[in-house]
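Please read the following explanation alongside the sequence and the model, taking one element at a time.

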Amino acid sequence: MASTMLHTSLRCVNKTAGRIDHMRIQTDVSLKPFNSFGVDAHGKYFVVLKSEDEVSVFFQSEEYHALQLANRPTLLLGGGSNLLFTKDFDGLVVKNEITGVRVLEENEEAVLVEVGGGGMWHDFVVTCIEHEWGGVENLSLIPGTVGAAPVQNIGAYGVELKDVFHSLRGWDMVKQCFVEFNKEECLFGYRSSIFKTKYKNNLLITSVVFKLSNHHHKLSLDYGAIENQLIEASITQPTIKDVSTAVIQIRKSKLPDPKEIGNAGSFFKNPVVDASQLAEIKRHFPDLSAHASGAGFKIAAAWLIEQAGWKGYREGDVGCHAKQALVLVNYGGASGNGILQLSKKIQDSVYSMFGIMLEPEVNIL
Ligand code: EPU
């Protein structure tokens, strides 16, 4: 399949007609609606971009260069679902609202679909189910945008974004031009990619191309919870829609809805330990389950946190979720700093109990 990407469907800006309203830089904007923790931080400057043309016009504008000269940092904001603001952001927040789904190529087995980086991830999953495109059903209901998904290689129930990823395109903030990345170039790992390291905050992802199965699917049903959910619903020959429904049910039963209780999903990554560390922990905690991961063994951080006694803990409006200990929550008025303080207490107590330092998965600003 060819990998040529066309962008003719993206809306054009009339560069001579002056600025469109949403492209004007706003000042002192509350970021509360734009982070799933619901923390009330403010962005000094804020702009919304809705097409590739707007991206190139804006980043080459005098206004943007003036902010650069003033050494104001830039934050590229997706759905804000993996972010913790611990203070106001003293620079420019760029909100990507480039949407749209377009079929690039299609045959009986596969379809190549290009998706705007600013669209919501779950809306894209719903579109896939409607069109009988398979591969993302296990990733149903993950909050955040399509463009943010490759940054941390989102994953759930046995599937990771890299399994369906083809390529992406974005604005390189240093080179000041559009660039493309194929799968190898993204250096995907467990909740990581080159966009979290070398390209951190340096690439505004305008579109992502996925390679999905077309009508004939290979389902990933190995994850115990999915199997159980399908058995409970008496489904023996599941469709991608059945799998998506099962995943939605599992997520709703365990994970708090950010619209009701502020949270950013898993706060920490699941740690990987070596064989001797695992044996030592198992000597004291024989119940611990771990599975091989690369050169080591991955342990459930939620289990460690639960053993350390934090599951269901609440202190004012900050808490550790009662149904999934890996999720820290804001019950309403928590500050980013309050959430950060609780995360540190959890890290300390897990470290003193197991000798493992949990690493945040959430981006802390
Ligand atoms: N567990 C506990 N206590 C808890 C919750 C879970 O002991 O409070 C144990 C369970 O018994 C289970 C194990 O931990 O054996 C794993 O739990 P779960 O299946 O819920 O998955 P997880 O490892 O905690 C990861 C992802 C989630 C993803 C789920 C399902 C990370 C950091 N998190 O969580 O992703 O939904 O698997 O695949 O890898 C996210 O990244 O924001 C996220 C929610």
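Strand β16 and strand β17 (residues 296-299) pair in the antiparallel sense over 4 bridges, where helices (H or I, at least four residues) and strands (E, at least two) are DSSP runs numbered from the N terminus, and where two strands pair if DSSP finds at least two bridges between them. Within this pair, Ala-290 has Ile-299 of β17 as its bridge partner. Helix α6 (residues 275-284) packs on the sheet and touches β15, β16 and β17, and its direction makes about 45° with that of β17; contact here means heavy atoms within 4.5 Å, while axes are lines fitted to C-alpha atoms, for helices over the stretch in contact, with angles running from 0 to 180 degrees between N-to-C directions. The open sheet in question has 3 strands in the order β15-β17-β16, with antiparallel pairing. Because β15 (272-273) and β16 (290-293) stand at its edges and have a single partner strand each, one side of each is left without a neighbour in the sheet.

This is a predicted model, in which local features need pLDDT of at least 70 and side-chain atom pairs count only at pLDDT 80 or more, whereas totals for chains, interfaces and linings use all residues. Residues are numbered from 1 along each chain as its sequence is written, and side-chain values use heavy atoms, with hydrogens and water left out. The pLDDT is the predictor's confidence in each residue, from 0 to 100; its mean for the protein is 92, and 95% of the residues reach 70 or more. Over residues 1-18, however, the pLDDT is below 50, although this stretch has 39 contacts in the model beyond near neighbours in sequence.

A second open sheet is formed by 4 strands in the order β1-β2-β5-β3, and its pairing is mixed. The edge strands are β1 (26-30) and β3 (74-77), each of which pairs on one side only. On average, neighbouring strands of this sheet are turned by 40° against each other, direction ignored. Strand β2 (residues 42-49) is joined to β5 by 6 bridges, and the two run parallel; in β5, Val-93 is the bridge partner of Phe-46. Helix α1 (residues 52-59) packs on the sheet, where it touches β2, β3 and β5, and its direction makes about 130° with that of β2.

The loop between β4 (83-84) and β5 (89-96) holds Thr-86. Is this residue buried or exposed? Thr-86 counts as buried because its relative accessibility is 19%, given that buried means under 20% relative accessible area, exposed over 50%, and partly exposed in between (1.4 Å probe, protein chains only). Leaving aside residues up to four places away in sequence, Thr-86 touches Gly-336, Asn-337, Leu-340, Ile-364 and Leu-365. The side chain of Thr-86 also reaches the backbone oxygen of Leu-365 at 2.5 Å.

Strand β7 (residues 110-116) is mostly covered, with 7 of its 7 residues buried. Both of its faces are covered: Ala-110, Leu-112, Glu-114 and Gly-116 are buried on one side, and Val-111, Val-113 and Val-115 are buried on the other. Strand β6 (residues 101-106) pairs with β7 in the antiparallel sense over 5 bridges, and the two form a hairpin with 3 residues between them. The bridge partner of Val-101 in β7 is Val-115, and Val-115 also stands opposite Val-208 in β13. Between β7 and strand β13 (residues 203-214) there are 7 bridges, and these strands run antiparallel.

Another hairpin is made by β11 and β12, with 4 residues between them, and Gln-176 in its turn has a positive phi of about 60°. Strand β11 (residues 165-172) pairs with strand β12 (residues 177-182) in the antiparallel sense over 6 bridges, and Leu-168 stands opposite Phe-181 in β12.

In helix α4 (residues 224-232), Ile-226, Gln-229 and Leu-230 are buried. Seen down the axis of α4, these buried residues fall within an arc of 95°, so they line one face of the helix; the arc is that of the directions from the helix axis to the C-beta atoms. An α-helix has 3.6 residues a turn, so residues three or four places apart point the same way. The buried residues of α4 pack against α5 (240-254), whereas on the other side of α4, Ile-231 and Glu-232 are exposed. Just after α4, Ser-234 takes a positive phi of about 55°.

Note on methods
Polar contact = N/O pair within 3.5 Å; in protein donor to acceptor, adjacent residues only side chain to side chain.
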